[in-house]
Amino acid sequence: MQLQAPSRAGRIPLIERYREYLPVNDESPIVSLLEGDTPLIKADRLSRAIDPKLSIYLKYEGLNPTGSFKDRGMTMAITKAVEEGSKAVICASTGNTAAAAAAYSARAGLTCAVLLPKGEVALGKVSQSMMHGARVIAVTGNFDDALRVVLEITEKYPVTLVNSLNPYRIEGQKTGAFEICDVLGDAPAFHAIPVGNAGNITAYWKGYREYYEAGKIARLPKMLGFQAAGAAPIVRGRPIQNPETIATAIRIGNPASWKTAVAARDESGGTIDTVTDDEIVDAYKMLASVEGVFCEPASAASVAGVRKLAAAGYFKEPAQVVCVLTGHGLKDPNRAVKVSPPFMELPPEIDTIAGELGL
Ligand code: F0G
């Protein structure tokens with residue numbers, strides 16, 4: 001398979017870049033869309049607004065091929081599925097896992113089925129799964145219901161699970177931590193991340209620990225996880241029957257990687273906290289308007305959380321804080337339009353338009 005067009009020199013498949021840390025061998029049939037290597041953007045204006053002591057960096061995962069961090073895990077999961085002779089994959093998803101599974105399956109020639117909670121998946125994500133030719137099923141239930149069915153199906157039928165319970169997904173996603181350390185020269189003091197099914201916080205913590213054990217970094221970060229207040233099972237300490245939040249990507253009541261998320265929090269000396277939908281929307285708008293970085297609502301939970309902790313006096317001294325922006329803002333255009341002031345509609349007349357613009 002041709003992996004790299006000559007014009008994209010400098011970008012290589014994630015698996016090639018971090019091969020020594022990943023469970024692949026020379027025969028592994030790498031399925032890649034040249035994912036990863038996403039920018040770590042220093043956000044000075046945001047830092048000043050939130051807490052001038054902090055140096056906030058944004059790990060902009062929306063710039064992955066399908067617009068979210070899921071591509072890191074999916075290049076691994078689909079590569080291994082092909083290596084193991086699988087012909088079909090399946091996942092439950094709030095949208096981004098499905099989009100990535102659909103795209104990487106298309107590239108590998110695998111059949112892909114995605115189960116989505118009906119009416120609760122952002123438009124951009126649904127369009128991706130459809131365009132990449134996945135079998136899309138809207139389940140009349142929430143994500144937790146869909147995941148339960150998918151787990152039963154993969155027990156009974158020869159279909160590979162590509163949710164983050166698939167350990168290769170976590171292996172791929174841990175590379176986000178490697179990239180942050182490669183750029184900063186060490187781990188940041190704090191790593192802030194939205195928590196939904198809890199695979200990503202698990203993966204980042206694994207990545208940091210592996211780099212630490214390999215002597216690549218001298219310290220480990222404190223992991224700061226944030227759940228939406230209406231979908232915060234880990235913070236509340238019990239599954240939530242009917243999770244609710246505008247951040248549909250993390251509208252999850254019973255996370256699959258619950259235990260490892262708690263371990264990441266406790267081993268790192270960090271915290272997992274809630275952010276309200278209002279706090280999420282404020283951070284979402286702030287990122288776009290103050291830094292020019294457009295992420296989806298769930299992604300803004302990381303910044304909303306840091307803002308909440310800063311206001312409560314959590315940060316005692318100057319520190320680097322990396323916030324993972326997990327998905328691109330264009331994933332959920334409806335929400336963006338809904339939270340923005342309406343635009344004007346005017347005839348194409350110079351005086352009217354100049355007048356409205358106050359020129
Ligand atoms: N941010 C975005 C944009 C997501 O899509 C997800 C999860 C998360 C954060 C949370 O990550 O689940 O590893 O804790 N989306 C999954 C999906 C559930 O199906 O796309 P997590």
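Analyst: The turns below treat salt bridges, sheets, individual residues and a surface patch in this predicted model.

User: How many salt bridges does the structure hold?

Analyst: Side chains of opposite charge can pair when their charged atoms come close. The structure holds 19 salt bridges. One of them joins Arg72 to Glu61, with closest N and O atoms 2.6 Å apart. Arg72 belongs to helix α3 (residues 70-83) and Glu61 to the loop between β2 (54-60) and α3, so the pair ties together parts that are 11 residues apart in sequence.

User: Are Arg72 and Glu61 buried or exposed?

Analyst: Arg72 is buried, and Glu61 is buried as well.

User: What does Lys206 pair with?

Analyst: Lys206 forms a salt bridge with Glu171, and their closest N and O atoms are 2.6 Å apart. Because Lys206 lies in helix α9 (residues 199-213) and Glu171 in helix α7, this pair ties together parts that are 35 residues apart in sequence. As to accessibility, Lys206 is partly exposed, with a relative accessible area of 23%, whereas Glu171 is buried at 13%. Lys206 also meets Glu210 in a salt bridge, at 2.7 Å from N to O. Here both residues lie in helix α9, 4 residues apart, about one turn of the helix. Glu210 has 18% relative accessibility and therefore counts as buried.

User: Turning to sheets, in what order do the strands of the open sheet lie?

Analyst: Strands of a sheet pair through backbone hydrogen bonds, either parallel or antiparallel. In this model, 4 strands form an open sheet in the order β5-β4-β3-β6, with parallel pairing. Its edge strands are β5 (135-139) and β6, each of which pairs on one side only. Within the sheet, strand β3 (residues 88-92) and strand β4 (residues 111-117) run parallel and are joined by 5 bridges. Ala88 stands opposite Thr111 in β4.

User: What can be said of Thr160, and which residues does it contact?

Analyst: Thr160 is placed in strand β6 (residues 160-161). With a relative accessible area of 21%, Thr160 is partly exposed. Leaving aside neighbours within four places in sequence, Thr160 is in contact with Ala81, Ser86, Ala88, Val89, Ile90, Thr154 and Asn166. The C-alpha atoms of Thr160 and Gly133 are separated by 17 Å, the two residues being 27 apart along the chain.

User: Why is strand β9 described as largely enclosed by the rest of the structure?

Analyst: Of the 5 residues of strand β9 (residues 271-275), 4 are buried, so the strand is largely enclosed by the rest of the structure. Strand β8 (residues 222-228) runs parallel to β9, and 5 bridges join them. Phe226 stands opposite Asp273 in β9.

User: Where is Ile240 found, and is Ile240 buried or exposed?

Analyst: Ile240 is found in the loop between α10 (233-236) and α11 (258-268). Its relative accessible area is 17%, so Ile240 is buried. Apart from residues up to four places away in sequence, Ile240 touches Gly230, Ala232, Pro233 and Gly253.

User: Finally, which residues form a nonpolar patch on the surface?

Analyst: Met344, Leu346, Ile353, Leu357 and Leu359 form such a patch, with about 520 Å² of accessible area together. Among them, Ile353 is in helix α15 (residues 350-356). Ile353 counts as partly exposed because its relative accessibility is 35%.

Methods. Residues are numbered from 1 along each chain as its sequence is written. This is a predicted model: local features need pLDDT of at least 70, side-chain atom pairs count only at pLDDT 80 or more; totals for chains, interfaces and linings use all residues. Side-chain values use heavy atoms; hydrogens and water are left out. Patches are made of residues with over 30% relative accessible area and no salt bridge: like charges are joined within 9 Å, nonpolar side chains (Val, Leu, Ile, Met, Phe, Trp, Tyr) within 5 Å. Accessible areas come from the Shrake-Rupley method with a 1.4 Å probe; for residues, only the protein chains shown count as cover. A salt bridge is a side-chain nitrogen of Lys or Arg within 4 Å of a carboxyl oxygen of Asp or Glu. Helices (H or I, at least four residues) and strands (E, at least two) are DSSP runs, numbered from the N terminus. Buried means under 20% relative accessible area, exposed over 50%, partly exposed in between (1.4 Å probe, protein chains only). Two strands pair if DSSP finds at least two bridges between them. Contact means heavy atoms within 4.5 Å.
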